Amino acid sequence: MAGKTKRTPQQIGKASKAKGARFELECAHYLQDHGYPEAHRTAQHCGKTGAAGDVEGVAGLHIECKHVEKLNLYSAYHQAVRDSNANGNGNIPVVIHKRNREETLVTMSLDNFIQIYFAYQNGGQKGELHYD
């Protein structure tokens, strides 16, 4: 009986990296199909620098993409915040993430969610936060 060949750590790493790249491309294409024609995967256009998001071309957002089964969500979010702050452009850090055979989700801070929702309700003007 022939058994499965065990994959080496290098093969696993390559497959994981390819999976991440495919997901970044999937996110860019989704954004293009939904009204953001400038959305693109940064590694394709300008090489991956520390401050660049995984997908760029959506004004106002710093996008990190994660396609993993066991995501440390806070770590991913902190990476998006760090990289967004390094840019100094005031973009909202978001993490687009998913597991295999699951729906794609977006994570951001509650403050940023309120700003975006306020803009949605008020004709596109980004809302200021008001603390009572």
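Guide: We will go from the overall layout to the core and then to the pockets. Keep in mind that this is a predicted model.

Visitor: How many helices and strands does the chain have?

Guide: Start by listing the elements. The chain has 4 helices and 5 strands. Next, read their order from the N terminus: α-β-α-β-β-α-β-β-α.

Visitor: What share of the residues counts as buried?

Guide: Here the cut-off matters: buried means under 20% relative accessible area. By that rule, 28% of the 132 residues are buried. Now look at the outside. The chain exposes about 9500 Å², and carbon and sulfur atoms supply 53% of that area.

Visitor: Which residues make up the largest nonpolar core?

Guide: A core of this kind joins buried nonpolar residues through their side chains. The largest one here has 12 residues, among them Phe 23, Cys 27, Val 55, Ile 63 and Ile 96. H1, E3 and E4 each give two or more residues to this core. H1 gives the most, with 4.

Visitor: Which residues is Ile 96 in contact with?

Guide: Set aside its neighbours within four places in sequence. Ile 96 then touches Phe 23, Cys 27 and Ile 63, and its other contacts include Thr 104, Leu 105 and Val 106. Phe 23, Cys 27 and Ile 63 also belong to the core, as does Ile 96.

Visitor: What is the volume of the largest pocket?

Guide: It comes to about 580 Å³. Of its 22 lining residues, Leu 31, Tyr 36, Val 58, Leu 61 and Ile 63 are the closest to the centre. Leu 31, Val 58 and Ile 63 are core members too.

Visitor: Which elements supply the lining of the largest pocket?

Guide: Helix H1 (9-33), strand E3 (61-67), strand E4 (92-98) and helix H4 (110-121) each supply at least two residues. H1 gives the most, with 5. By class, the lining has 16 nonpolar, 4 polar and 2 charged residues.

Visitor: And the second largest pocket?

Guide: Its volume is about 160 Å³. There are 12 lining residues, and Gly 20, Glu 24, Cys 65, Lys 66 and His 67 lie nearest the centre. H1 and E3 are the elements that give two or more residues to this lining. Its classes are 3 nonpolar, 4 polar and 5 charged.

Note on methods
Residues numbered from 1 in each chain as written. Predicted model: local features only at pLDDT ≥ 70, side-chain atom pairs only at ≥ 80, totals over all residues. Heavy atoms only, no water. 1 Å grid on protein atoms, 1.4 Å probe; cavity = no way out; pocket = protein on both sides within 12 Å on 5 of 7 lines; lining within 4 Å. Points joined across faces, edges and corners; volume = space filled by probe spheres on them. Nonpolar A, V, L, I, M, F, W, Y, C, P; charged D, E, K, R; others polar. Core = buried A, V, L, I, M, F, W, Y, C linked by side-chain atoms within 4.5 Å. Buried < 20%, exposed > 50% of the residue type's maximum accessible area, 1.4 Å probe, protein only. Contact = heavy atoms within 4.5 Å. Areas by Shrake-Rupley, 256 points an atom, 1.4 Å probe, with all protein chains shown as cover.
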